[in-house]
Amino acid sequence: MIGRLNHVAIAVTNLNDATKLYKHVLGAEVSEVQQLAEHGVNVVFVNLPNSKIELLEPIDETSPIASFLAKNPAGGMHHICYEVEDITTASQKLVAAGARILGDGLPKTGAHGKPVIFLHPKDFNGTLIELEQV
Ligand code: CO
């Protein structure tokens with residue numbers, strides 16, 4: 001059911017500093033900042049030859065990323081995103097298998113303007129998984 005690895009997301013305390021680090025120290029190509037109010041984050045994408053890295057900064061204290069950074073003050077790996085062909089079919093299969101979808105269970109619009117869902121980390125080896133319809 002899952003396809004390509006779309007991106008790995010890293011929570012950061014300062015998106016500007018993290019962007020400079022990836023651009024100037026690691027020599028990567030980094031996108032412009034996008035604000036995703038529905039997800040409570042500012043985001044940039046680091047474009048790698050075979051995948052992407054998503055750098056996430058909380059918009060404010062109510063952001064889910066703010067609570068993650070409270071537990072991981074240096075930042076850290078937050079989620080991985082796999083591609084799926086059909087988010088509705090994928091959701092139905094996962095729920096039937098006993099997996100929990102975070103929030104109200106319905107797809108939200110992700111950073112690429114495509115529908116996404118997040119799966120409960122306790123159901124997937126302690127890893128927060130995002131599925132994105134491509
Ligand atoms: Co993501």
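**Order of elements.** I walked through this predicted model from the N terminus and wrote down β-α-β-β-β-β-α-β-α-β-β-β.

**Overall size.** I checked the radius of gyration and got 15 Å for the protein. A compact globule of 134 residues would come out near 14 Å, so the value agrees with that. Along the principal axes, the C-alpha atoms fill a box of roughly 45 × 30 × 25 Å.

The accessible surface is about 7,500 Å², and carbon and sulfur atoms own 54% of that.

**Contacts.** I took the contacts with a separation of 6 or more, and 56% of them link residues 24 or more positions apart.

**Charges.** I noted 10 positive and 15 negative side chains. The centres of the two sets sit 4 Å apart.

**A look at β8.** I then picked strand β8, residues 115-119, and found four of its five residues buried. Which strands does β8 pair with? On one account it is β7 (residues 108-109), joined to β8 by two bridges and running antiparallel. Here Thr 109 has Pro 115 as its bridge partner. I saw that β7 and β8 make a hairpin with five residues between them. In that turn, Gly 113 has a positive phi of about 75 degrees.

The other partner I noted is β9 (residues 129-133), also antiparallel, with four bridges to β8. There I found Phe 118 opposite Glu 130.

Methods. Residues numbered from 1 in each chain as written. Predicted model: local features only at pLDDT ≥ 70, side-chain atom pairs only at ≥ 80, totals over all residues. Heavy atoms only, no water. Buried < 20%, exposed > 50% of the residue type's maximum accessible area, 1.4 Å probe, protein only. Pairing = 2+ DSSP bridges. Rg over C-alpha atoms; globule rule 2.2 N^0.38 Å. Contact = heavy atoms within 4.5 Å. Areas by Shrake-Rupley, 256 points an atom, 1.4 Å probe, with all protein chains shown as cover. Lys, Arg positive; Asp, Glu negative; His and termini not counted. Charge placed at Lys NZ, Arg CZ, Asp CG, Glu CD.
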